[in-house]
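Please read the points below with the model open beside you.

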Amino acid sequence: MNYKKIAGSLLILTTITGCGLIEETFLNEPSESNKSQKEIDNQSIAVDSSVEVLTPEEEQQIKEKEEHQKMLDELPDVSVSDWNLLLVNNSQLIDPNLDLPLTVLPNGYLIDERIKQEYENWLKKASEAGFEIVLVSSYRSIDLQQKNYDSSIQRYIDQNYTQEEAIQETENYIAIPRGSEHHTGLAVDIVDSDWLETGKGLIPEYDAQASQHWLVDNMTDYGFILRFPQGKEAETGINYESWHFRYVGIENAKYIEKYDLSLEEYIQLLKEAGK
């Protein structure tokens, strides 16, 4: 018997049979293209269920948190104890014994001597732009603020306001004694000469003047901000004053303008950052 021939035939048969099994198994395995739409949909659901879907409110909260952190990261290297960030309002009264380095301007008004150069440079630039800016109020003593405060209340009472109503109307624009920005020597009330001649005085509508627009557009270059901006009454406690500017320093002013903050909000951020 030819064993070699038989063995060879068996080997060929086994090989053919094995290939057939392999091919059959491969053909029976469903390919991606042969999967039913239901199977594909089920896989998609399985994948989607592993991804957390945020509500619009949650997305907004995350966005606000990221923006807040960015604001903290970009804070200037300053401190709330810096002289030019002295915060005075109806809730945070000035120390009556605070020693201020005041200087007299040519028109007789007093301001902090440390802001004199920047203030004069600002008004000089305004003059070159064609605006004659007039200072109508700057440093104010506590005694003078008391007189202004009492006088305002009486004026409203004379117009048949109740005592409570007169106080409320007064405090919309006039800070309580020791709560006035003008006690710092860092605040100035300024308007142009044309506006002053109209006799309209210090009213929000001064912002209709081109001079006020110029002052606001250029104020941060000299370290000033609009101290009581529109829309920030809840933070400042004072109604919008288009004529009242406050020195805080160039770096602080630029940051406050960039993020549209009140001085109160800026101080709060600094405190949050431990500055």
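1. Does threonine 220 count as buried or exposed? Threonine 220 has 2% relative accessibility and therefore counts as buried (under 20% relative accessible area is buried, over 50% exposed, in between partly exposed, with a 1.4 Å probe and protein chains only). Threonine 220 sits in the loop between H8 and E5. Helices (H or I, at least four residues) and strands (E, at least two) are DSSP runs, numbered from the N terminus. Beyond its neighbours within four places in sequence, threonine 220 is in contact with Ile250, Ala253, Lys254 and Glu257, contact being heavy atoms within 4.5 Å.

2. On the source: the model is predicted, local features need pLDDT of at least 70, side-chain atom pairs count only at pLDDT 80 or more, and totals for chains, interfaces and linings use all residues. Residues are numbered from 1 along each chain as its sequence is written, and side-chain values use heavy atoms, with hydrogens and water left out.

3. The chain has eleven helices and six strands. Of its 275 residues, 34% are buried. Among contacts with a separation of 6 or more, 72% join residues 24 or more positions apart. The chain exposes about 16,800 Å², and carbon and sulfur atoms supply 51% of that area (Shrake-Rupley method, 1.4 Å probe; for residues, only the protein chains shown count as cover).

4. The largest pocket holds about 640 Å³ of space. A pocket here is an open set of points on a 1 Å grid over the protein atoms alone, where a 1.4 Å probe fits, with protein on both sides within 12 Å along at least five of seven lines; lining residues have an atom within 4 Å of a point. Points are joined across faces, edges and corners, and the volume is the space filled by probe spheres set on them. The lining has 35 residues, with Arg140, Tyr173, Ile174, Glu241 and Trp243 nearest the centre. Helix H5 (142-158) and helix H6 (163-171) each supply at least two lining residues, and H5 gives the most, with seven. By class the lining has 14 nonpolar, 15 polar and six charged residues (Ala, Val, Leu, Ile, Met, Phe, Trp, Tyr, Cys and Pro are nonpolar; Asp, Glu, Lys and Arg are charged; the others, Gly among them, are polar).

5. The second largest pocket has a volume of about 230 Å³. Its lining has 15 residues, and Met219, Leu226, Pro229, Glu257 and Asp260 lie nearest the centre. Helix H8 (210-218), strand E5 (224-226) and helix H10 (250-258) each supply at least two of the lining residues. The lining divides into nine nonpolar, two polar and four charged residues.

6. Asparagine 84 is in the loop between helix H3 (56-73) and strand E1 (102-104). Its relative accessibility is 11%, so asparagine 84 counts as buried. A polar atom of its side chain lies 2.8 Å from the backbone oxygen of valine 248. Residues up to four places away in sequence aside, asparagine 84 touches Leu186, Arg246, Tyr247, Val248, Gly249 and Asn252.

7. In helix H11 (residues 263-272), the buried residues are Leu263, Glu264, Tyr266, Ile267, Leu269 and Leu270. Their cover includes H3, E5, helix H9 (233-236), strand E6 (244-247) and H10. Glycine 274 follows H11 and has a positive phi, near 75 degrees.

8. Asparagine 172 lies in the loop between H6 and strand E4 (187-192). Its C-alpha atom is 7.3 Å from that of glycine 237, which is 65 residues away along the chain.

Technical notes. A polar contact is a pair of N or O atoms within 3.5 Å; within protein, one must be able to donate a hydrogen and the other to accept it, and residues adjacent in sequence count only if both atoms are side-chain atoms.
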